[in-house]
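Please open the model in your viewer and keep the selection panel at hand. The tour goes from stop to stop, and at each one you are told what to select and what is found there.

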Amino acid sequence: MATLLNRQPNATESDGFLKSGDGLALILASPAFQRC
Amino acid sequence: MEIAANLSTDRDAKQTLVVIFLRGAADGLTLVAPVEDDNYHRYRPRLAVKKSEAVPLDGSFGLHPNLRPLEAAWKEGDLAIVHAAGGESDSRSHFEAQDLMEHGGIAAGGWLGRYLRAKGPSQSPLGAVALAPTLPDVLSGAPSAAAFLSLDEFGYGKRGGTAFDQQLQRLYELESDEMRHAATNTFEAIRRIESIDRHGSAENGATYDEKDDFARGLRQVAQLIKADVGLDAASVDVGGWDSHFTQKTLIEPLMDRLGSGLAAFRQDLGSRMQSVTVVVMTEFGRTVQENSAFGTDHGRGSAMFVLGGGVQGGRIHGAWQGLQSLEKRGSSESYGDLPVLNNYRDILAPVLLRHGLDAAQLGRVFPSFTFNPLPLYTA
């Protein structure tokens with residue numbers, strides 16, 4: 001996650017990564033990644 | 001803190017413009033045949049639409065019988081036709097002519113994209129769509145536009161599910177800027193699209209040919225309009241109109257699809273057609289005289305259709321000077337072009353004014369053009 005976001009994930013991102021069912025897709029669609 | 005999606009729920013406030021481009025240079029003299037003109041039958045002994053078979057329009061012209069599904073729209077005053085329509089380019093190259101017409105002249109971006117810019121940023125991620133694998137030039141420069149072949153492509157995909165949706169929305173709720181605003185509208189648009197019964201029956205007894213990608217495209221545009229996702233403009237193409245050889249075999253099935261698709265769309269939308277305009281256009285027309293291969297070659301003027309609410313339908317608009325005194329075209333075997341007497345911008349101008357532009361904005365959509373708009377609407 002840190003590689004994708006270029007920083008450490010925050011608590012909501014880490015929580016979502018585990019709970020979403022598809023953490024990688026979630027991070028790719030996240031606002032943090034969209035801003036990268 | 002919750003942020004509300006502001007996709008309009010006011011049906012009357014939302015107008016949608018649907019642009020259908022007939023790629024390949026459709027023969028306007030077959031779509032809308034001047035059946036009462038003796039020269040038409042003289043120049044086209046094998047290809048002319050017979051007067052007895054045409055769908056009568058105004059005493060001079062008749063629709064090709066395969067366009068009969070549009071007869072009701074004509075009779076009910078919802079369909080206007082402009083003949084001898086086209087652009088100023090004489091290149092006769094499909095690529096060049098489509099490029100010029102989609103850009104609205106020599107200008108950056110497509111004219112539909114500039115129209116959407118002039119209207120201001122859309123609140124919806126589905127403010128403009130193209131039912132196509134890639135965005136057509138006409139939508140180039142639009143503030144936001146999506147190209148897809150099926151509404152099934154717009155959503156969370158296979159990853160969609162309550163947990164995924166919830167977590168994604170939670171991430172965007174932490175944002176405080178335009179990204180949160182855009183995401184909120186996107187989530188709402190997805191919710192509205194997912195609420196559509198995409199494989200259910202159309203309304204008002206309309207029937208689309210599900211095997212026809214044009215009809216499926218129109219059906220999906222109608223679904224987006226009915227779902228109130230904030231659709232301002234849509235682009236749908238029908239290709240294959242380049243009929244140098246065996247024209248009848250090539251374009252009669254296309255006219256079938258065009259006529260039945262448009263009629264189903266109009267029927268499906270019912271009273272909502274009052275806020276929808278469909279424009280049908282092509283890059284140029286074809287030679288008046290048929291060639292030796294049972295076809296026609298690249299010409300100039302063709303026909304344009306304007307279908308929708310408020311249009312002064314049931315009549316042929318614009319200038320028309322008949323098919324007399326055609327000159328031989330260089331060393332070509334073909335006699336004459338239908339001259340362009342009605343510039344496509346003068347047909348689009350009243351449509352764009354109806355769809356919310358003012359005169360100054362219109363000048364930015366079609367720069368360096370002196371307008372002489374056709375009176376397609378009552379003042």
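Predicted model: local features only at pLDDT ≥ 70, side-chain atom pairs only at ≥ 80, totals over all residues.

Residues are numbered from 1 along each chain as its sequence is written, chains are lettered from A and ligands numbered from 1 in the order in which they are written, and side-chain values use heavy atoms, with hydrogens and water left out.

**Stop 1: a helix of chain B**

Select residues 162-173 of chain B, which form helix α6; helices (H or I, at least four residues) and strands (E, at least two) are DSSP runs, numbered from the N terminus. This helix has twelve residues and reaches 16 Å from its first C-alpha to its last, close to the 16 Å expected at 1.5 Å a residue, where the expected span is 1.5 Å times one less than the number of residues. Now colour Phe164(B), Asp165(B), Gln167(B), Leu168(B), Leu171(B) and Tyr172(B), which are buried in α6(B); buried means under 20% relative accessible area, exposed over 50% and partly exposed in between, with a 1.4 Å probe and protein chains only. What do the buried residues of α6(B) pack against? They pack against α2 (11-19), α3 (23-29) and α4 (31-35) of chain A, together with α7 (178-194) of chain B.

**Stop 2: where the chains meet**

Show both chains, and you will find that the contact (heavy atoms within 4.5 Å) takes 14 residues from chain A and twelve residues from chain B. The area buried between chain A and chain B is about 1,200 Å², of which carbon and sulfur atoms give 66%; buried area is the accessible area (1.4 Å probe) that two parts lose on being put together, summed over both. On the side of chain A, select Thr12(A), Pro31(A) and Arg35(A), which lose the most area to chain B, together 39% of what that side buries. There are two salt bridges between the chains, a salt bridge being a side-chain nitrogen of Lys or Arg within 4 Å of a carboxyl oxygen of Asp or Glu. Asp15(A) forms a salt bridge with Arg170(B), and their closest N and O atoms are 2.8 Å apart.

**Stop 3: aromatic rings**

Over all chains there are six aromatic pairs, where rings of Phe, Tyr and Trp (its six-membered ring) pair if their centres lie within 6.5 Å, and planes under 30 degrees apart count as stacked, over 60 as edge-to-face and the rest as tilted. Select Trp111(B) and Phe366(B), a tilted pair with 5.9 Å centre to centre and 35° between the planes. Trp111(B) lies in helix α5 (residues 111-119) of chain B and Phe366(B) in the segment after α11 (359-365) of chain B, so the pair ties together parts that are 255 residues apart in sequence. Trp111(B) counts as buried at 1% relative accessibility, and Phe366(B) counts as buried at 0%.

**Stop 4: an arginine in a loop**

Finally, select Arg300(B), found in the loop between β9 (276-282) and β10 (302-308) of chain B. Is Arg300(B) buried or exposed? At 15% relative accessibility, Arg300(B) counts as buried. Leaving aside neighbours within four places in sequence, Arg300(B) is in contact with residues including Glu88(B), Asp90(B), Phe284(B) and Asp337(B).
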